[in-house]
Amino acid sequence: MADHVNHPPPNPAPSHTLDRRAFLTALGAGGAAAAIAACGGSGAVHRNGHGRRKRITPTLDASESHGLLSAPELKPPPIQVITRPAVVDTGTYVFTDVHAGSGQQGPLIIDRAGRLVYFKPISDGGTTALRAFNVRVQHYRGEPVLTHWTGATVYGHGQGHYELYDQRYRLVTRVYAGNGYLGDLHEFRLTARGTALLTAYGQAVGDLPAGPDSPARTGPYFYGVAQEVDVATGKVLLQWRSDEHVPFSASYQAVPPAGPRAIWDSFHINCIAVDPSDGNLIVSSRFMWAFYKVDRHTGQVIWTCGGRDSDFEMGHDTHFAFQHHVVPHEHGVFTIFDNEGGPPNEARQSRALVLYVDEQRRQVSFLRQYRHRPPVLSEAEGSVQPLATYPCNVFVGWGDSTYFTEYDPDGTVVLDAHLDAPGVLSYRAFQAAWRGTPETPPRLIAVRDGRAARLYASWNGSTEFRGWRVLGGPGANALSMLGVAESHGFETEIRLHRAPSHVAVEPLDGSGDTVLARSAAVVIGA
């Protein structure tokens, strides 16, 4: 639900933006589709450039298979849908990850009906030695790419690198942190400059303040690093260190008692974003309960918002704690995933928070908040994504609870789902348009049942096919068309009443006329 709605002060807005009154006018005139289209976003009823495909005209019986017989090596977590959108086929998908628990870990793509589209397991058993975080669609050299961090998690941060994949799931490039640092899991943001903003962690020794169970001492601590790196060359263009700009006294994180593994994480960098108003950086610190505007050229802190040393007068209900994913938008609007859980827990549940930051008057005002029902308190992780220019549909990834929820501009839940396996977590969740056309062929398995057979077909990562053409014959090189089946979810079960000895399948596009690929031919056993 969304509650306590305020609106930002009037600002000159570009012609494509839509205020709340105009949104509601469009809603009344043309229904939800017209309103979201006017908003310009990728909400539940938005039609992007793909449009809705024509339905395949089936000649064979088919239904959704709830197993993965054709891809037994994939063991994704079940996806539990609480609220399903009225319109599903919009060309947009949910991008997230699964980690922890006892199963496979890796990037996930999910359609808006909560059905699996793509899973790339990179490790098993919940190991911390190899995980994937921060799965999302970005653009590099004018083309959409699927990006994520991969590496090991240690002391609550990451040691690894970043990978970019094209829409055929081919590796485009890897990006590494520079100057001897290892890329951290928390942030990887591509820019129009051909650069990447990324986080890293360093370790140093310094004079630590007293903790609740220890006196002041000299000891080790982690500091946060923000880098801007040229993707093509790896050259570090900007480097910023938290301990060179933010005092230890601003931290809410207690210094741990001395010990062999006691390293104080005073800052905990977890987000970098670009302020569209001036091109400077916004850097978020979990343990300072604050975010900072950093000069992109000099690295100097221009101002601090939140925490002990805020430069702003914080208005009613603008407090946040242990926050993640602080993102600036046009006209002073900021979205924040306000975890409110550390420990200690500052509130009973987390929230997606929308603030107006008036830099001239140094004032912060509350605009809106979204809270999950039932309540969710995520002590880590989380994201907030307006799907167009605010106010419009907002998509929230509820962090380690694994819920993801889309709200319309009135705060009504459009989509709500979560990963439903014991102990699993997810970092962030995003929605984006994507046209996955895998380089790998479709998978097929056939099970004979007397003269009949059941075929199980899947194509991991494809978003573009809408049906299956079934081929059969006496041999792998003597196949002819047996019929067409409509696709259903990740894996489709197709029933043949009289089955030949050999079969194969070809995925068809939305027109039903274009063959996109072909599976290997399989033998139907006696």
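Predicted model: local features only at pLDDT ≥ 70, side-chain atom pairs only at ≥ 80, totals over all residues.
Residues are numbered from 1 along each chain as its sequence is written. Local features need pLDDT of at least 70, side-chain atom pairs count only at pLDDT 80 or more, totals for chains, interfaces and linings use all residues, and side-chain values use heavy atoms, with hydrogens and water left out.

**Exercise 1.** Find out what the mean pLDDT of the protein is.

*Solution.* Start with the term: pLDDT is the predictor's confidence in each residue, from 0 to 100. Its mean here is 91, and 89% of the residues reach 70 or more. Next, check residues 10–52, where the pLDDT is below 50.

**Exercise 2.** Decide whether T92 is buried or exposed.

*Solution.* Buried means under 20% relative accessible area, exposed over 50%, and partly exposed in between (1.4 Å probe, protein chains only). T92 comes out at 3%, so T92 is buried. For the whole protein, buried residues make up 57% of the 526 residues.

**Exercise 3.** Work out how the rings of F291 and F334 are arranged.

*Solution.* Rings of Phe, Tyr and Trp (its six-membered ring) pair if their centres lie within 6.5 Å; planes under 30 degrees apart are stacked, over 60 edge-to-face, and the rest tilted. By that rule you get 25 aromatic pairs. For F291 and F334, the centres are 5.3 Å apart with 20 degrees between the planes, which makes a stacked pair. F291 lies in strand β18 (residues 290–294) and F334 in strand β22 (residues 333–338), so the pair ties together parts 43 residues apart in sequence. Strands are DSSP runs (E, at least two residues), numbered from the N terminus. Both F291 and F334 are buried.

Technical notes: Contact = heavy atoms within 4.5 Å. Helix = DSSP H or I, 4+ residues; strand = E, 2+ residues; numbered from the N terminus.
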